[in-house]
Amino acid sequence: LLAYVATSGSGVLQLYLRAMDSLEARPLAGTENATGPFFSPDGQWIGFSAGDKLKKVSVSGGATLTLSDVLAFRGASWGPNDTIVFAPASNGGLLQVSAAGGAPLPLTKLKQGESSHRWPQFLPGGKTVLFTVLTEGNLDNSEIAAQGLDSAEHKVLIRGGTFGRYVPTGHLVYYRAGTMMAVPFDPV
């Protein structure tokens with residue numbers, strides 16, 4: 001399935017789902033003003049932000065469930081252990097919350113010179129999270145970092161890049177100065 005945000009006929013942003021072998025998309029009820037969709041590892045749920053809340057909804061439809069508060073959502077990733085790591089604000093570290101909901105717990109802490117941790121992605125195995133570290137200055141001064149769920153410190157992998165993503169070819173893909181970059185990367 002492909003999940004995306006589009007404007008409905010009434011002009012309201014909403015989540016839509018489309019099977020990869022179809023040209024027809026269907027709106028998901030209860031997802032008005034959604035941003036940042038992301039799938040559960042089994043593909044049965046979609047997480048998203050709407051109305052200053054982190055929410056989830058089944059791909060087959062139904063009620064949306066609220067998981068946590070967010071101020072200025074900056075991405076999320078759903079791990080295989082039913083933990084969701086998310087950036088709840090435009091400044092600060094990443095939080096983690098159970099996919100069933102509950103009180104979020106801090107995962108990352110800002111170091112001196114850092115202004116925000118955003119756009120997390122669980123690496124294969126679900127024990128480490130890749131994310132962007134915004135530093136003072138422009139996005140090209142940002143860093144791609146990783147941190148284990150059982151660690152208190154993050155490790156910088158790339159200096160001068162943003163929105164890092166691991167891809168199954170064994171590469172870390174990221175954006176820098178208007179260019180997509182790729183470097184070999186072993187997620188272990």
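1. Glu 143 is buried, at a relative accessible area of 11% (buried is under 20%, exposed over 50%, partly exposed in between, with a 1.4 Å probe and protein chains only). Its side chain meets that of Arg 159 in a salt bridge, 2.6 Å from N to O (a side-chain nitrogen of Lys or Arg within 4 Å of a carboxyl oxygen of Asp or Glu). The pair links distant parts of the chain: Glu 143 is in strand S14 and Arg 159 in strand S15, 16 residues apart. Strands are DSSP runs (E, at least two residues), numbered from the N terminus. Arg 159 is exposed, at 61%.

2. This is a predicted model: local features need pLDDT of at least 70, side-chain atom pairs count only at pLDDT 80 or more, and totals for chains, interfaces and linings use all residues. Residues are numbered from 1 along each chain as its sequence is written, and side-chain values use heavy atoms, with hydrogens and water left out.

3. The structure holds three salt bridges. One of them joins Lys 53 to Asp 69, with the closest N and O atoms 2.4 Å apart. Lys 53 sits in strand S6 and Asp 69 in strand S7, 16 residues apart. Lys 53 is partly exposed, at 30%.

4. Glu 153 and Lys 111 also form a salt bridge, 3.5 Å from N to O. Both lie in loops, Glu 153 between strands S14 and S15, Lys 111 between strands S11 and S12, so the pair ties together parts 42 residues apart in sequence. Lys 111 is partly exposed, at 34%.

5. Ala 76 lies in strand S8. Ala 76 is buried, at 13%. Leaving aside neighbours within four places in sequence, its contacts (heavy atoms within 4.5 Å) include Phe 38 and Pro 120.

Terms used:
Helices (H or I, at least four residues) and strands (E, at least two) are DSSP runs, numbered from the N terminus.
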